[in-house]
Amino acid sequence: MDWWYQASPVYKQHFGDFYARHPEATGIFKGFYARFTSENERWAYLVRMLDFIYHQPPVKNTYQVLKDLIQDRPYHILTTNQDAMFNRYFADEQISTIQGDWRFLQSSAPQIDDQLYDARPFVKRGMEYLAQQEDKLYLPNDLIPHSPTTGLPLTPWVRSPEFLEGRRFKQEHEKTRQFINRFGNQKLLFFELGVGRMTPMFIQEPFWQLTSQLPLAHYVNINPQDAMTHTQIASRSVLIDADVDQALRAVQKLKSQNPVSHQSYLKTPRVPKQEPEQQALGMLEQAPALLITAANGFSISEGFNWFASDAVFHDLLGDLVDQYGLHNMLEAVQYPYQSKVVQWRVWARIINRYSSHYHTSPLMENLRQIIKGRPYYIWTTNPEHHFNLAGLDHVVENEANWVYGSCQTPDHPHVDLRAAARLMVGLEQERELTEADLPRCTTSVGRC
């Protein structure tokens, strides 16, 4: 499908008028980033582009060849492609589109509207209008899609600075995680097809890492330009420096000549589940010193989760959740409230619950027992100060912590906010908080 990146005959046939006006847009992809004269022109192009993507058939039968090779084996497809072409051949639940999908629109302000909207009805109406027009590079304002929730303009749900990493995005990643959890201890093949060097962090590097971690995993990379692997998994890697379509057809031909049952792979005994823990125990017992790193996973295990919309979150911030449409505690502390008083209502409740009344958790107690008697340092991004509150004093909090407030004037001493948080939570139960109730610097009249 060379029309993505080239001014191919197919591209010129469907977008010749646009290409004449924007000769720099050599292909669908560059057309998406063209310097449009107006939103009306931009949406005329987007409507035509999306309709083209939805209906243009693949030039080759590569997807069907891949499907024939997979047969009835368990599989999952992780892709940065946004054209939903895989969805024409494979079930949606077995595909993770982690860079967006042209079939959906999102708000241009996702921080206040985190919904996805089906793009196809907008595209259909736009194409019906353009079919009646001589100038197909203009779409009227009333056909430009806007959010039914906020009235703000919509934009395609594809990777951009405003890309919505909301519910659907998390579900796409979760499908992949569940598949790897299910088959990770079997002979799992990470089969990479044409992943380039533009974004290796989304698929290629995780595939290398997982192949290294899973003892029965193997890695195959088919790429005409960038067939590569990591030295640590070289013995379990196969690199095919060839066109993906040609390579798959060659494999298909070999398979028809030498049929091999895959059932034995599915029956491979699982690696004993306790083995990694036993290896870690042995290493811990032999280590004379410990450098410990801890982040959100540790906090979540202790019961504090920045990202959850759970019972604790609603119990703590329920009235504000409804008023501001909040989805988790991270969003609650970052929300652009109109008033510092409201912002401090959020912080006071969180600090009071998680730091003013902290009792050492069983998880933290287990960690203290592991450390006991040995030199250690803890390096953490967690802001709740729990390691220090649990009596572990060799700690670097490299993203600071919320127990201390800093003055707006540089170099003033920090203020312990726990007493102020307790006071504000108590006052909230009696009356509305005011500016006078907010914590102040002890050196000057500046506010923390």
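User: Is Trp3 buried or exposed, and what is its relative accessible area?
Analyst: This is a predicted model, and the values here are computed from its coordinates. Trp3 belongs to the segment before helix H1 (9-21). Because buried means under 20% relative accessible area, Trp3 counts as buried, with a relative accessible area of 3%.

User: How many aromatic pairs are there, and what is the geometry of the pair Trp3 and Phe52?
Analyst: With ring centres required to lie within 6.5 Å, the count comes to 31 aromatic pairs. The rings of Trp3 and Phe52 have centres 4.8 Å apart and planes at 80°. Since planes over 60 degrees apart are classed as edge-to-face, the pair Trp3 and Phe52 is edge-to-face.

User: Which parts of the chain does the pair of Trp3 and Phe52 tie together, and how many residues apart are they in sequence?
Analyst: Phe52 is buried at 6% relative accessibility, and Trp3 is buried at 3%. Trp3 lies in the segment before helix H1 (9-21), whereas Phe52 lies in helix H3 (residues 39-55), so the pair ties together parts that are 49 residues apart in sequence.

User: Which residues form one aromatic cluster with Trp3 and Phe52?
Analyst: Trp3 and Phe52 have already been described as an edge-to-face pair. The cluster that holds both of these residues also contains Trp4, Tyr11, Phe15, Phe18, Tyr19, Phe36 and Tyr45.

User: Which residues does Ser8 touch, not counting residues up to four places away in sequence?
Analyst: Ser8 is found in the segment before H1, and at 3% relative accessibility Ser8 counts as buried. Leaving out residues up to four places away in sequence, the residues that Ser8 touches are Asp2 and Trp3.

User: How far apart are the ring centres of Phe304 and Tyr354, and how many residues separate the parts that they tie together?
Analyst: Phe304 is buried with a relative accessible area of 1%, and Tyr354 is buried at 9%. Their planes stand at 65°, so the pair is edge-to-face, and the ring centres are 4.7 Å apart. Phe304 lies in the loop between helix H11 (296-302) and helix H12 (311-324), while Tyr354 lies in helix H14 (residues 340-356), so the parts are 50 residues apart in sequence.

User: What lies over the face of Tyr354, and at what distance from the ring centre?
Analyst: Elsewhere in the model, the charged end of Arg125 sits over the ring of Phe122, 5.2 Å from its centre. For Tyr354, the residue over the face is Arg353, and the distance from the ring centre is 5.9 Å.

User: In which sense do strands E6 and E7 pair, and what is the handedness of the crossover between them?
Analyst: Strand E6 (residues 189-193) and E7 pair in the parallel sense over 5 bridges; in E7, Leu189 has His218 as its bridge partner, and Leu193 has Ile222. The chain passes from E6 through helix H7 (residues 204-213) to E7, and this β-α-β crossover is right-handed.

User: How many bridges join E7 to strand E8, and which residue of E8 is the bridge partner of Ile222?
Analyst: Strand E7 (residues 218-222) is mostly covered, with 4 of its 5 residues buried. E7 and strand E8 (residues 237-240) run parallel and are joined by 4 bridges. In E8, the bridge partner of Ile222 is Ile240.

User: What separation do the C-alpha atoms of Asp68 and Gln252 have?
Analyst: Asp68 lies in helix H4 (residues 62-70) and counts as partly exposed at 37% relative accessibility. Asp68 and Gln252 are 184 residues apart along the chain, and the separation of their C-alpha atoms is 8.1 Å.

Key
Residues numbered from 1 in each chain as written. Predicted model: local features only at pLDDT ≥ 70, side-chain atom pairs only at ≥ 80, totals over all residues. Heavy atoms only, no water. Phe/Tyr/Trp six-rings, centres within 6.5 Å; stacked < 30°, edge-to-face > 60°. Helix = DSSP H or I, 4+ residues; strand = E, 2+ residues; numbered from the N terminus. Buried < 20%, exposed > 50% of the residue type's maximum accessible area, 1.4 Å probe, protein only. Lys NZ or Arg CZ within 6 Å of the ring centre and 35° of its normal. Pairing = 2+ DSSP bridges. Right-handed = clockwise from strand over helix to strand, strands pointing away. Contact = heavy atoms within 4.5 Å.
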